[in-house]
Amino acid sequence: MSTIHGIRAYERYVGKETVRRIEAKARPLQDMHILHMNSTYYGGGVSQLLASLTLLMNSLGIQTGWRVVHGPPDFFSVTKKFHNALQGAKINLTGRKKEIYEQVVHENAVRNHLNHDMVFIHDPQPLPMITHYRKKSPWIWRCHIDLSAPNREVWNYLAPFIEQYDAVVLSCKEYRQDLATPQVFFTPAIDPFSIVNRELSESAVDERLAHYGIPTDLPLVVQVSRFDRWKDPEGVIRAFQKARKEEECTLVLVGNVATDDPEGAEVYRSLLSHRSERIIILSVQDGALVNALQRRAAVVLQKSIREGFGMTVSEAMWKGAAVIGGNVGGIRYQIRDGENGFLVSSVDEAAERIVQLLRDPDLAERLGRAAHETVRECFLFTRTIEQYLDLIGSFEPEFRLRGVEETSCP
């Protein structure tokens, strides 16, 4: 039977004091009705975060809903280009792209009646929703993207929408932009009770790996991520091929194709020519498989070249894995190079670290222990919940009666 974990279930990880503090912060907000809107129910870190966030907020007595933007493939093709451009890619920003974007968001605004006490809009896909409402409560834009070097043309187009929000939440301070809207910074975090992170027995791990035909006779090198060029799956394959010349191992690349990412299928297909007995590439939506791979892997990679945060890094660290991450964005907030994992900036560096960890299991174990403790202290879901509660509770009443002249009865 499925179980929805309330806040007190987290005491085992963070202690009673933290849980009681969260309960106290939630109590004054229990008459509120809050909405989150993003672009997909599955695939990627945002949907994972919202799945846990909305359930836990409701368990705290705060009505919290979750809606998704609906649109045709050409809409998501445009928004994926916007996503890429916000992370620094080039774009041909035509009037047609803007027309598709704004029209589909307008259609979603007609279908969604947002009269909540607070509205959180996630990432660029539903960003212009705010222009279609008479705003009666605070609206917050939560951007999960690496904004360290956005394409200026796209940023200048989207900024007027952003300026209509009452606050912007970014994952790292280095993503700060020149906005009049107040900016708040907090990283995402992982839910230890989700399917991806809950404890698994050795037999359960064996079952999942066997179900997908993943061999375990050699050490596993694993990367789990959406099939996205920013995650550099080609670079992961090249690093593995270099490492394998020195140490025998098996590479497993596991990802999925989210409904809001039309490029994902193309990236996945581009990798299939590399498949072999020792390079396994799977496109599946199976949280238990991800969990099993991160627990059994000798090395976990997240070799991103842009990354807003990278929840798969914290997920693997929580399981005591030795993690090699790209030296970019939010990954740098999770990995302290040489202390609880390694940061790399090239294929050659990644290959060298793979070999080092395969040859030195004691080092891998030491890094893994430190990684687990880092996540326990900094990146468990209770911190995210508390930061959302602090943000919600920080808004002051906006609607005050304007001074008017008194009139007497005739």
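The model is predicted: local features need pLDDT of at least 70 and side-chain atom pairs count only at pLDDT 80 or more, while totals for chains, interfaces and linings use all residues. Residues are numbered from 1 along each chain as its sequence is written, and side-chain values use heavy atoms, with hydrogens and water left out.

**Entry 1, the sheet.** I noted that strand S3 (residues 118-122) and strand S4 (residues 139-142) pair in the parallel sense over four bridges. Pairing requires that DSSP finds at least two bridges between two strands. Helices (H or I, at least four residues) and strands (E, at least two) are DSSP runs, numbered from the N terminus. I then read off the open sheet: six strands in the order S2-S1-S3-S4-S5-S6, with parallel pairing. Strand S2 (63-68) and strand S6 (183-185) are at the edges with a single partner strand each, so one side of each has no neighbour in the sheet. Neighbouring strands of this sheet are turned by 20° against each other on average, direction ignored. Helix H3 (residues 45-59) packs on the sheet and touches strand S1 (33-38), S2 and S3; contact means heavy atoms within 4.5 Å. The direction of H3 makes about 155° with that of S2.

I checked helix H4 (residues 73-86) against helix H6 (residues 152-162): they pack at an angle of about 110°, with axes 9 Å apart. Axes are lines fitted to C-alpha atoms, for helices over the stretch in contact, and angles run from 0 to 180 degrees between N-to-C directions. The angle makes H4 roughly perpendicular to H6 (65 to 115 degrees; under 35 is roughly parallel, over 145 roughly antiparallel, the rest oblique). I listed Phe82, Ala85 and Leu86 in H4 as meeting Val154, Trp155, Tyr157 and Leu158 in H6. By class, the residues of this contact are seven nonpolar, no polar and no charged.

I found helix H8 (residues 233-244) and helix H9 (residues 263-271) packed at about 20°, with axes 10 Å apart. That makes H8 roughly parallel to H9. Pro233, Glu234 and Ile237 of H8 make the contact with Val267, Ser270 and Leu271 of H9.

I located Asn291 in helix H10 (residues 287-296). Is Asn291 buried or exposed? Asn291 is buried, at a relative accessible area of 0% (buried is under 20%, exposed over 50%, partly exposed in between; 1.4 Å probe, protein chains only). Not counting residues up to four places away in sequence, Asn291 touches Ile195, Val196, Asn197, Arg198, Leu200 and Lys319.

Terms used
Nonpolar A, V, L, I, M, F, W, Y, C, P; charged D, E, K, R; others polar.
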